[in-house]
Amino acid sequence: MLMRTDPFRELDRLAQQLMGPGTWSRPSAMPMDAYREGDEYVVAFDLPGVSADAIDIDVERNMLTVKAERRPVAKADGVQMELSERPLGVFSRQIVLADTLDTEHIRADYDAGVLTLRIPIAERAKPRKISIGVGSGHKEISG
């Protein structure tokens, strides 16, 4: 049987073991994708093995913070762990949101270990047509 190894993956795994799991004061990073879809921005976070009640989403001004905790699974007596590569602990990500986004109407869905946030673009930031007035009346402002 042919086995491939990735030395950088091993290095990451060793570094994670040395640093230990993330804590609330020193959380680990979580992978994410962000893209625009129509009139909203979509941000998707990978959180496999995290229950929905262990996810915390906050918005303060234009700072979006997502924190999640993957807790150890209870094991039956007599179970001996042979390999453990899935990190446990706290994961966090902060994103600075543009002023053009409507933080009052963020929607969050969690399905199959992926947290998806949909952030609409604010009405004031959407392109709009400006009409030009044509007229012979010229107004002068005086102080």
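Which side chains meet in a salt bridge with an N to O distance of 3.1 Å? In this predicted model, the side chains of E40 and R118 form that contact, a salt bridge being a side-chain nitrogen of Lys or Arg within 4 Å of a carboxyl oxygen of Asp or Glu.

The model is predicted, and local features require a pLDDT of at least 70 while side-chain atom pairs count only at pLDDT 80 or more, whereas totals for chains, interfaces and linings use all residues. Residues are numbered from 1 along each chain as its sequence is written, and side-chain values use heavy atoms, with hydrogens and water left out.

The secondary structure of the chain comprises 1 helix and 8 strands, which follow the pattern α-β-β-β-β-β-β-β-β along the sequence; helices (H or I, at least four residues) and strands (E, at least two) are DSSP runs, numbered from the N terminus. Of the 143 residues of the chain, 24% count as buried. Among the contacts with a separation of 6 or more, 55% are accounted for by residues 24 or more positions apart, contact meaning heavy atoms within 4.5 Å. The chain exposes about 11500 Å², of which carbon and sulfur atoms supply 53%, the accessible areas coming from the Shrake-Rupley method with a 1.4 Å probe and, for residues, only the protein chains shown counting as cover.

An open sheet of 4 strands has the order 2-3-8-7 with antiparallel pairing, two strands being paired if DSSP finds at least two bridges between them. Strand 2 (32–37) and strand 7 are the edge strands, each pairing on one side only. From one strand to the next the twist averages 20 degrees, with axes taken as lines fitted to C-alpha atoms (for helices over the stretch in contact) and angles running from 0 to 180 degrees between N-to-C directions. The antiparallel pairing of strand 2 with strand 3 extends over 6 bridges, and A34 stands opposite V43 in strand 3.

Side chains of opposite charge can pair when their charged atoms come close. The model contains 4 salt bridges in total. Besides its pairing with R118, E40 forms a salt bridge with R107, in which the closest N and O atoms are 3.5 Å apart. This second pair also links distant parts of the chain, as E40 lies in strand 3 (residues 40–46) and R107 in strand 7 (residues 107–111), 67 residues apart. E40 has a relative accessible area of 14% and is therefore buried, whereas R107, at 41% relative accessibility, counts as partly exposed. A further salt bridge joins E69 and R71, with the closest N and O atoms 3.7 Å apart; E69 is partly exposed at 23% relative accessibility, and R71 is likewise partly exposed at 44%. Through shared partners, salt bridges join E37, E40, R107 and R118 into one network.

In soluble globular proteins, nonpolar side chains tend to be buried together. The largest nonpolar core in the model has 18 residues, and those with the most contacts inside it are F45, L47, I55, V66 and L115; such a core is a set of buried Ala, Val, Leu, Ile, Met, Phe, Trp, Tyr and Cys residues joined through side-chain atoms within 4.5 Å. Strand 3, strand 5 (63–70), strand 6 and strand 8 are the elements that give two or more residues to this core. When residues up to four places away in sequence are not counted, I55 touches L47, V50, V66, K67, A68, Y110 and L115.

M30 lies in the loop between strand 1 (28–29) and strand 2 and is buried, with a relative accessible area of 2%. The C-alpha atoms of M30 and F45 are separated by 6.9 Å, although the residues are 15 apart along the chain. Leaving aside neighbours within four places in sequence, M30 is in contact with F45, D46, L47, V66, A68, F91, S92 and R93. G89, in strand 6 (residues 89–96), is buried as well, with a relative accessible area of 11%. G89 and A68 are 21 residues apart in sequence, and their C-alpha atoms are 8.3 Å apart in space.

Notes:
Buried < 20%, exposed > 50% of the residue type's maximum accessible area, 1.4 Å probe, protein only.
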